[in-house]
Amino acid sequence: MEPIEKATVLVTGASKGIGLSIAEAFAAHGHDLVLIARGEKALQRVADRIEAESGVEVRVISGDLTEAGVPQKLYKQLEQSGKPIDILVNNAGVGMSGLFLEGDYSKLSSMLQLNMLALTQLTHLFLPQMLNRKRGRILNVGSLVSYFTGGPNWAAYVASKHYVRALSTGLSKELKGSGVAVTLLSPGATATDFVKSADTKDMLAYQVPIGPSPEQIAKLAYHACQTGKKSVIPGVFNKILAFMGELHPRNIAFEVFGFLSNKKGSQ
Ligand SMILES: NC(=O)c1ccc[n+]([C@@H]2O[C@H](COP(=O)([O-])OP(=O)(O)OC[C@H]3O[C@@H](n4cnc5c(N)ncnc54)[C@H](OP(=O)(O)O)[C@@H]3O)[C@@H](O)[C@H]2O)c1
């Protein structure tokens, strides 16, 4: 597909990590941005810097996407501005590691709300406009973990990313020929604040920092999204792992992934 020129790009979870790098990649190509996250000050600092560096227009809307009604409110605010969203980047997501029953249920429920339902609702809200204009892209940030049948030590997080992968793949097929494309981005272990918030630093998968940086991931994601590629897995090692995950018998890959999901000191 031909890249969309001078797009308005909505990026969720844009104040840091992979989302920030994706926002910067779009800004570097001259696209205007709408940035979403909870922390308003951090978001405003990011917006001021990007505007100064790239000369694009950056709007900031702070909000917690797990709260009921926030995605609709966001959609209405943007609809009134008369500047349609051409590219939706569903990046905001959180992780939670540890044994399923040891995790706090409200934290788990909020993770599922953000990783799956907020992403789904934003897609449902913004897609009709894109289809009407036959111009649009949706970039969903999933994870390499979705290439493995399940993940001990972060079972619900892995399941939430399976959902993102399945939704993206199915929707991508439905939208064929519509002028709107869905791209699934599946990063592997990446050095961001996710490591602290999801408590993954002791996991074997996070011990070897050989994966691409958020900036490298963002560059690949930008091109994949603009050209309407269905899927992108950044990094050679991650591609090999994803390929392994798809091999039969899949229970061998499951055991390997289970090993990589182990925390130091645990059995
Ligand atoms: N890092 C990894 O190893 C890795 C690997 C595979 C996939 N991923 C995926 O990549 C995506 C980005 O992760 P990251 O590593 O960049 O994490 P990060 O550095 O922790 O950034 C998360 C971003 O999401 C925002 N956010 C969190 N909760 C939110 C909420 N309820 N409502 C709105 N915004 C919220 C955060 O800002 P506020 O806290 O201010 O809201 C922040 O901007 C996630 O979907 C994650 O699952 C990460």
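Predicted model: local features only at pLDDT ≥ 70, side-chain atom pairs only at ≥ 80, totals over all residues.
Residues are numbered from 1 along each chain as its sequence is written, and side-chain values use heavy atoms, with hydrogens and water left out.

Okay, polar contacts, meaning pairs of N or O atoms within 3.5 Å. Isoleucine 18 has a polar backbone atom 2.8 Å from a ligand oxygen. For glycine 39, a polar backbone atom sits 2.9 Å from an oxygen of the ligand, and for glycine 13 a backbone N or O is 3.3 Å from a ligand oxygen. On its own the ligand has 890 Å² of accessible area, and the protein covers 94% of that; those areas are Shrake-Rupley with a 1.4 Å probe. Helices here are DSSP runs of H or I with at least four residues, strands are E runs of at least two, and both are numbered from the N terminus.

Now the sheet. What order do the strands take? E3-E2-E1-E4-E5-E6-E7, an open sheet of seven with parallel pairing, where a pair needs at least two DSSP bridges. Strand E3 (58-62) and strand E7 (231-232) are the edges, each pairing on one side only. Strand E4 (residues 87-90) and strand E5 (residues 136-141) run parallel, joined by four bridges, and valine 89 stands opposite leucine 139 in E5.

Then the helices on it. Helix H4 (residues 105-133) lies across E1, E4, E5 and E6, at about 170 degrees to E4. Helix H5 (residues 155-174) lies across E5 and E6, at about 155 degrees to E6. Contact is heavy atoms within 4.5 Å, and angles run from 0 to 180 degrees between N-to-C directions, with axes fitted to C-alpha atoms, for helices over the stretch in contact.

Most residues other than glycine have a negative phi, and most peptide bonds are trans. Lysine 134, in the loop between H4 and E5, has a positive phi of about 50 degrees. And the bond from histidine 248 to proline 249 is cis, omega near -5 degrees; that proline lies in the loop between helix H8 (236-246) and helix H9 (250-260).

Technical notes: Polar contact = N/O pair within 3.5 Å; in protein donor to acceptor, adjacent residues only side chain to side chain.
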